[in-house]
Amino acid sequence: MTSNSFYSFNLILVTFLAFATATAQVAANEYDPENGEAINEVCAGCHGEFGQGGSDGEYPRLAGMPAAFIARQLHLFRDRKRPNMAMIEYVDERQMPDADIQDIATFLSRITLKTKLSPANESDPAFDAYARLLESKQVMQIPRAEGDQERGGKLFRKECDSCHGKLGEGDHTKAVPMLTGQYTDYLWRQVEKYRNTIRIHDPDAPEDQLLSEFSDTELQDIFAYLSVLDD
Ligand code: HEC
Ligand code: HEC
């Protein structure tokens with residue numbers, strides 16, 4: 001190969017690779033971030049503009065949740081398989097076609113929230129109170145839950161982390177939610193729903209009543225452990 005033809009061969013290869021990558025991206029994922037952002041304006045009324053949740057877990061945190069999990073819950077709400085009175089008017093077929101579910105799920109899953117505010121000096125003349133307020137809304141700090149963190153950690157590693165992830169971050173390849181950074185009160189409300197079969201914990205084994213096999217004290221210890229994982 002002469003050096004000239006070597007270069008033109010490389011050029012063709014590079015062009016081909018760029019083309020192949022672009023096509024693959026469009027085919028695998030037609031995510032429309034602008035649509036995701038527009039839908040989020042509706043969700044923000046309750047879940048916060050950064051998906052941070054609020055009112056001590058009345059509204060769960062959605063930011064950073066695996067997209068597959070968010071999408072699955074929206075389908076369950078829409079099909080009335082998971083009751084959610086608060087969201088009923090936002091999730092019918094007309095309001096929430098499948099493409100919208102995908103866009104909002106991806107949009108929310110890509111928001112990362114810090115778990116600590118950066119240090120600031122309020123008496124500094126350069127201190128910007130508005131910027132500080134905005135920053136504080138993008139921080140997710142769960143108050144420490146009562147319980148034996150050490151015992152909870154052991155239980156979590158034995159019984160929960162195979163699905164929910166080593167750090168309780170959820171599983172982005174499956175519809176398994178993040179538990180770290182979620183409000184403790186919210187997690188408790190969901191435990192009650194699983195125990196009363198209003199929700200199904202493991203779609204692959206719907207008969208399994210995993211959370212009924214644990215005492216309240218054991219779950220309290222697990223939630224105490226999760227509440228400090230993000231410190
Ligand atoms: C009027 C208030 C309200 C609005 C608006 C709202 N939600 Fe919710 N959402 C809730 C409440 C309340 C819950 C908790 C229900 C429960 O306790 O099971 C919830 C739960 C969820 C969950 C389940 C999370 C989990 O970890 O189990 C998802 C996902 C969700 N909402 C997504 C959305 C999206 C996306 C939008 C915008 C299209 C939205 N919500 C708009 C009130 C609202
Ligand atoms: C076999 C896998 C698996 C194991 C093990 C597991 N989970 Fe889950 N968990 C899931 C899946 C999947 C979901 C979502 C189910 C749904 O769609 O409602 C979930 C949901 C939850 C939720 C609701 C969170 C939310 O945002 O709605 C809580 C709370 C929870 N799990 C606690 C636990 C605890 C505590 C343990 C250990 C004792 C545990 N899980 C073990 C798979 C698992």
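The entries below begin with conventions and then take each topic in turn.

**Conventions.** I worked from a predicted model, in which local features need pLDDT of at least 70, side-chain atom pairs count only at pLDDT 80 or more, and totals for chains, interfaces and linings use all residues. Residues are numbered from 1 along each chain as its sequence is written, chains are lettered from A and ligands numbered from 1 in the order written, and side-chain values use heavy atoms, without hydrogens and water.

**Cores.** I looked up nonpolar cores, meaning sets of buried Ala, Val, Leu, Ile, Met, Phe, Trp, Tyr and Cys residues joined through side-chain atoms within 4.5 Å; buried is under 20% relative accessible area with a 1.4 Å probe, protein chains only. The largest has 27 residues, and Leu74, Ile104 and Leu108 have the most contacts inside it. Domain 1 (28-141) and domain 2 (144-229) both contribute residues, so this core lies between them; the domain bounds come from an automatic or database assignment. A second, separate core of 15 residues includes Leu155, Leu187, Leu211 and Leu219.

**Ligand 1.** I found 29 residues around ligand 1, of which Cys43, Cys46, His47, Met87 and Lys193 come nearest; a residue counts as near if one of its heavy atoms lies within 4 Å. I then checked polar contacts, that is, pairs of N or O atoms within 3.5 Å. A polar side-chain atom of His47 is 2.8 Å from a nitrogen atom of the ligand. Domain 1 and domain 2 each supply at least three residues to the shell.

Definitions and conventions: Buried means under 20% relative accessible area, exposed over 50%, partly exposed in between (1.4 Å probe, protein chains only). A polar contact is a pair of N or O atoms within 3.5 Å; within protein, one must be able to donate a hydrogen and the other to accept it, and residues adjacent in sequence count only if both atoms are side-chain atoms.
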